Amino acid sequence: LDPNIFIIYHSHNIEYLLRLKKNNFIISFLSKFFEKKVYQISDIGTAVSKFDQNTLKKLYSVKTIVFSNGISKKKLKILDFKKYIPKNYIIYFGSYSFFPNKQAIDYIIENILPMIKKKHPNLKLVIVGQDLPVDLIKDNKDIYFYKNIKKEHLNFLIVKSKFLLAPMFKATGTKLKIIETLMLGSIVITSKEGMNGIKLPNKSTPPFIFMKKKEIFNLIDFVLKKNKV
(Lines give C-alpha, C1' and ligand atoms only; values in the text may rest on other atoms or scores of the structure.)
Protein backbone atom coordinates (compact mmCIF):
# COMPACT_ATOMS: atom_id res chain seq x y z
CA LEU A 1 0.00 0.00 0.00
CA ASP A 2 1.07 3.57 -0.69
CA PRO A 3 2.31 4.93 2.69
CA ASN A 4 0.76 8.31 1.81
CA ILE A 5 -2.75 6.84 1.79
CA PHE A 6 -4.67 7.19 5.07
CA ILE A 7 -7.34 4.51 5.38
CA ILE A 8 -10.51 4.89 7.46
CA TYR A 9 -12.78 1.85 7.62
CA HIS A 10 -16.31 2.68 8.78
CA SER A 11 -18.18 -0.45 9.79
CA HIS A 12 -21.97 -0.55 10.07
CA ASN A 13 -22.09 -4.22 11.16
CA ILE A 14 -19.61 -6.93 12.00
CA GLU A 15 -19.83 -8.83 8.73
CA TYR A 16 -18.40 -12.08 10.08
CA LEU A 17 -21.18 -12.43 12.65
CA LEU A 18 -23.84 -11.85 9.99
CA ARG A 19 -22.28 -14.44 7.67
CA LEU A 20 -21.90 -16.87 10.55
CA LYS A 21 -25.68 -16.93 10.98
CA LYS A 22 -26.67 -16.73 7.32
CA ASN A 23 -24.01 -18.48 5.25
CA ASN A 24 -21.99 -21.69 5.25
CA PHE A 25 -18.69 -22.26 7.03
CA ILE A 26 -16.50 -21.29 4.06
CA ILE A 27 -18.24 -17.93 3.50
CA SER A 28 -18.18 -17.08 7.22
CA PHE A 29 -14.51 -18.13 7.52
CA LEU A 30 -13.51 -15.96 4.54
CA SER A 31 -15.53 -13.04 5.92
CA LYS A 32 -13.71 -13.30 9.24
CA PHE A 33 -10.30 -13.53 7.53
CA PHE A 34 -10.80 -10.54 5.21
CA GLU A 35 -12.62 -8.40 7.76
CA LYS A 36 -9.72 -8.82 10.15
CA LYS A 37 -7.27 -7.88 7.37
CA VAL A 38 -9.25 -4.74 6.54
CA TYR A 39 -9.16 -3.61 10.17
CA GLN A 40 -5.45 -4.39 10.42
CA ILE A 41 -4.47 -2.32 7.37
CA SER A 42 -6.74 0.59 8.30
CA ASP A 43 -5.30 3.59 10.10
CA ILE A 44 -8.67 4.07 11.79
CA GLY A 45 -11.35 1.45 12.18
CA THR A 46 -14.77 2.28 13.55
CA ALA A 47 -17.58 0.52 15.37
CA VAL A 48 -21.12 1.80 15.73
CA SER A 49 -21.41 1.04 19.44
CA LYS A 50 -19.43 0.18 22.55
CA PHE A 51 -20.87 -3.32 22.27
CA ASP A 52 -19.45 -3.79 18.75
CA GLN A 53 -16.18 -2.17 19.81
CA ASN A 54 -15.70 -4.78 22.54
CA THR A 55 -16.71 -7.59 20.17
CA LEU A 56 -14.15 -6.49 17.56
CA LYS A 57 -11.47 -6.37 20.23
CA LYS A 58 -12.23 -9.97 21.20
CA LEU A 59 -12.50 -11.21 17.62
CA TYR A 60 -9.59 -9.46 15.95
CA SER A 61 -7.51 -7.89 18.74
CA VAL A 62 -7.96 -4.47 17.10
CA LYS A 63 -8.66 -1.07 18.60
CA THR A 64 -11.57 0.85 17.12
CA ILE A 65 -13.29 4.13 17.79
CA VAL A 66 -17.04 4.42 18.24
CA PHE A 67 -18.66 6.33 15.37
CA SER A 68 -22.37 6.25 16.12
CA ASN A 69 -25.03 5.92 13.45
CA GLY A 70 -27.24 8.92 12.93
CA ILE A 71 -30.16 10.07 10.81
CA SER A 72 -30.41 13.25 8.76
CA LYS A 73 -33.55 15.23 9.61
CA LYS A 74 -34.12 15.53 5.87
CA LYS A 75 -34.98 11.82 5.89
CA LEU A 76 -37.84 12.40 8.31
CA LYS A 77 -40.10 14.14 5.78
CA ILE A 78 -43.63 12.72 5.74
CA LEU A 79 -45.75 12.45 2.60
CA ASP A 80 -49.29 11.06 2.45
CA PHE A 81 -49.38 7.47 1.18
CA LYS A 82 -52.22 7.30 -1.33
CA LYS A 83 -52.58 3.52 -1.40
CA TYR A 84 -55.02 1.72 0.85
CA ILE A 85 -53.72 0.93 4.33
CA PRO A 86 -55.53 -0.85 7.17
CA LYS A 87 -57.01 1.22 9.98
CA ASN A 88 -55.16 -0.53 12.83
CA TYR A 89 -51.78 -2.05 12.18
CA ILE A 90 -48.29 -2.68 13.47
CA ILE A 91 -45.30 -2.23 11.18
CA TYR A 92 -41.96 -3.77 10.34
CA PHE A 93 -39.69 -2.52 7.57
CA GLY A 94 -36.49 -3.84 6.02
CA SER A 95 -35.23 -6.09 3.25
CA TYR A 96 -36.06 -9.76 3.83
CA SER A 97 -32.75 -10.77 2.22
CA PHE A 98 -30.89 -9.19 5.17
CA PHE A 99 -30.73 -12.03 7.69
CA PRO A 100 -31.64 -10.13 10.89
CA ASN A 101 -34.74 -8.81 9.09
CA LYS A 102 -35.63 -12.32 7.89
CA GLN A 103 -35.33 -13.58 11.47
CA ALA A 104 -37.56 -10.83 12.81
CA ILE A 105 -40.22 -11.07 10.08
CA ASP A 106 -40.43 -14.86 10.33
CA TYR A 107 -40.79 -14.64 14.10
CA ILE A 108 -43.54 -12.00 13.89
CA ILE A 109 -45.55 -13.96 11.29
CA GLU A 110 -45.11 -17.41 12.84
CA ASN A 111 -45.09 -16.69 16.58
CA ILE A 112 -46.46 -13.26 17.40
CA LEU A 113 -49.21 -12.35 14.92
CA PRO A 114 -51.36 -15.50 15.46
CA MET A 115 -51.30 -14.93 19.23
CA ILE A 116 -52.10 -11.21 19.27
CA LYS A 117 -54.91 -11.72 16.73
CA LYS A 118 -56.79 -13.72 19.38
CA LYS A 119 -57.05 -10.65 21.62
CA HIS A 120 -56.98 -8.01 18.91
CA PRO A 121 -58.73 -9.45 15.83
CA ASN A 122 -58.82 -6.10 14.01
CA LEU A 123 -55.05 -5.64 14.14
CA LYS A 124 -53.08 -6.06 10.91
CA LEU A 125 -49.37 -6.34 10.06
CA VAL A 126 -47.74 -4.01 7.53
CA ILE A 127 -44.37 -5.01 6.07
CA VAL A 128 -42.37 -2.60 3.92
CA GLY A 129 -39.25 -3.62 2.00
CA GLN A 130 -38.19 -6.01 -0.69
CA ASP A 131 -37.34 -9.68 -1.36
CA LEU A 132 -40.27 -10.94 0.72
CA PRO A 133 -41.28 -14.41 -0.60
CA VAL A 134 -44.82 -14.43 -1.96
CA ASP A 135 -45.55 -17.78 -0.30
CA LEU A 136 -44.84 -16.29 3.12
CA ILE A 137 -47.88 -14.01 3.01
CA LYS A 138 -49.99 -15.77 0.38
CA ASP A 139 -53.68 -15.94 1.36
CA ASN A 140 -52.99 -14.13 4.65
CA LYS A 141 -55.45 -11.24 4.76
CA ASP A 142 -53.90 -9.88 7.95
CA ILE A 143 -50.61 -8.95 6.25
CA TYR A 144 -50.12 -5.99 3.90
CA PHE A 145 -46.85 -5.78 1.98
CA TYR A 146 -45.61 -2.61 0.27
CA LYS A 147 -42.52 -2.93 -1.89
CA ASN A 148 -39.93 -0.27 -2.71
CA ILE A 149 -41.91 2.77 -1.63
CA LYS A 150 -40.51 6.28 -1.17
CA LYS A 151 -38.94 7.15 2.18
CA GLU A 152 -41.54 9.88 2.73
CA HIS A 153 -44.33 7.32 2.32
CA LEU A 154 -42.60 4.88 4.67
CA ASN A 155 -42.42 7.62 7.28
CA PHE A 156 -46.17 8.17 6.85
CA LEU A 157 -46.82 4.46 7.47
CA ILE A 158 -44.59 4.50 10.55
CA VAL A 159 -46.37 7.49 12.06
CA LYS A 160 -49.83 6.03 11.38
CA SER A 161 -48.96 2.62 12.84
CA LYS A 162 -49.72 1.56 16.40
CA PHE A 163 -46.03 0.75 16.86
CA LEU A 164 -42.95 -0.70 15.23
CA LEU A 165 -42.48 -4.29 16.37
CA ALA A 166 -38.80 -5.23 16.04
CA PRO A 167 -37.86 -8.54 17.69
CA MET A 168 -34.15 -8.44 16.80
CA PHE A 169 -32.11 -11.39 18.08
CA LYS A 170 -28.30 -11.46 18.40
CA ALA A 171 -28.03 -8.66 15.85
CA THR A 172 -24.89 -6.54 15.54
CA GLY A 173 -24.69 -2.82 14.88
CA THR A 174 -27.20 -0.14 15.74
CA LYS A 175 -30.58 -0.40 14.07
CA LEU A 176 -31.44 2.55 11.83
CA LYS A 177 -35.10 1.48 11.80
CA ILE A 178 -35.22 1.95 15.58
CA ILE A 179 -33.52 5.36 15.43
CA GLU A 180 -35.75 6.57 12.59
CA THR A 181 -38.96 5.47 14.28
CA LEU A 182 -38.04 7.12 17.58
CA MET A 183 -37.07 10.35 15.80
CA LEU A 184 -40.48 10.36 14.13
CA GLY A 185 -42.01 10.26 17.60
CA SER A 186 -43.54 6.81 17.12
CA ILE A 187 -43.66 3.87 19.50
CA VAL A 188 -41.16 1.01 19.36
CA ILE A 189 -41.42 -2.45 20.89
CA THR A 190 -38.09 -4.22 20.54
CA SER A 191 -35.63 -6.58 22.19
CA LYS A 192 -32.59 -5.47 24.16
CA GLU A 193 -30.53 -6.46 21.10
CA GLY A 194 -32.57 -4.00 19.06
CA MET A 195 -31.35 -1.17 21.29
CA ASN A 196 -27.64 -2.00 21.05
CA GLY A 197 -25.62 1.20 20.79
CA ILE A 198 -28.61 3.54 20.99
CA LYS A 199 -28.58 6.22 23.69
CA LEU A 200 -31.70 8.27 24.24
CA PRO A 201 -32.16 11.76 25.66
CA ASN A 202 -34.72 11.97 28.46
CA LYS A 203 -37.39 13.57 26.27
CA SER A 204 -37.36 10.92 23.53
CA THR A 205 -40.36 8.71 22.89
CA PRO A 206 -39.56 5.76 25.12
CA PRO A 207 -39.07 2.38 23.44
CA PHE A 208 -40.62 -0.64 25.15
CA ILE A 209 -37.87 -3.22 25.57
CA PHE A 210 -38.41 -6.90 26.31
CA MET A 211 -35.71 -9.10 27.81
CA LYS A 212 -37.50 -12.41 27.26
CA LYS A 213 -39.79 -13.49 24.43
CA LYS A 214 -42.73 -14.10 26.78
CA GLU A 215 -42.68 -10.40 27.74
CA ILE A 216 -43.57 -9.35 24.17
CA PHE A 217 -47.28 -9.99 24.56
CA ASN A 218 -47.59 -8.03 27.81
CA LEU A 219 -45.92 -5.02 26.18
CA ILE A 220 -48.15 -5.31 23.10
CA ASP A 221 -51.28 -5.45 25.26
CA PHE A 222 -50.12 -2.45 27.29
CA VAL A 223 -49.42 -0.32 24.21
CA LEU A 224 -52.65 -1.30 22.45
CA LYS A 225 -54.71 -0.44 25.54
CA LYS A 226 -53.19 3.04 25.42
CA ASN A 227 -53.86 3.18 21.65
CA LYS A 228 -57.19 1.42 21.60
CA VAL A 229 -57.80 -1.10 18.80
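A few ground rules before the details. Residues are numbered from 1 along each chain as its sequence is written, and side-chain values use heavy atoms, with hydrogens and water left out. As the model is predicted, local features need pLDDT of at least 70 and side-chain atom pairs count only at pLDDT 80 or more, while totals for chains, interfaces and linings use all residues.

**Helix α4**

Let's start with α4, which covers residues 99-119, 21 residues in total. Helices here are DSSP runs of H or I with at least four residues, strands are runs of E with at least two, and both are numbered from the N terminus. From first C-alpha to last, α4 reaches 30 Å, close to the 30 Å expected; that expected span is 1.5 Å times one less than the number of residues. There is still a bend of about 45° at Ile 112, with Pro 114 following within four residues. The bend is the angle between axes fitted to the seven residues ending at a residue and the seven starting there.

**Phe 67**

Phe 67 sits in the loop between β3 (65-66) and β4 (89-93). Its relative accessible area is 49%, so it counts as partly exposed, the class between buried (under 20%) and exposed (over 50%), using a 1.4 Å probe and protein chains only. Neighbours within four places in sequence aside, Phe 67 touches His 10, Thr 46, Ala 47 and Val 48, where contact means heavy atoms within 4.5 Å. Leu 219 is another story: its C-alpha is 31 Å from that of Phe 67, and the two are 152 residues apart along the chain.

**Salt bridges**

A salt bridge here is a side-chain nitrogen of Lys or Arg within 4 Å of a carboxyl oxygen of Asp or Glu. By that rule the count is 8, including these:

| Pair | N to O distance |
|---|---|
| Asp 80 and Lys 82 | 3.5 Å |
| Asp 221 and Lys 119 | 3.0 Å |
| Lys 124 and Asp 142 | 3.0 Å |

The Asp 221 and Lys 119 pair links distant parts of the chain, from helix α8 (residues 215-226) to helix α4, 102 residues apart. Asp 221 is buried at 12%, whereas Lys 119 is exposed at 60%.

Lys 124 and Asp 142 are both buried. Lys 124 belongs to strand β5 (residues 124-129), and Asp 142 lies in the loop between α5 (134-137) and β6 (143-147). Shared partners join Lys 117, Lys 124 and Asp 142 into one network.
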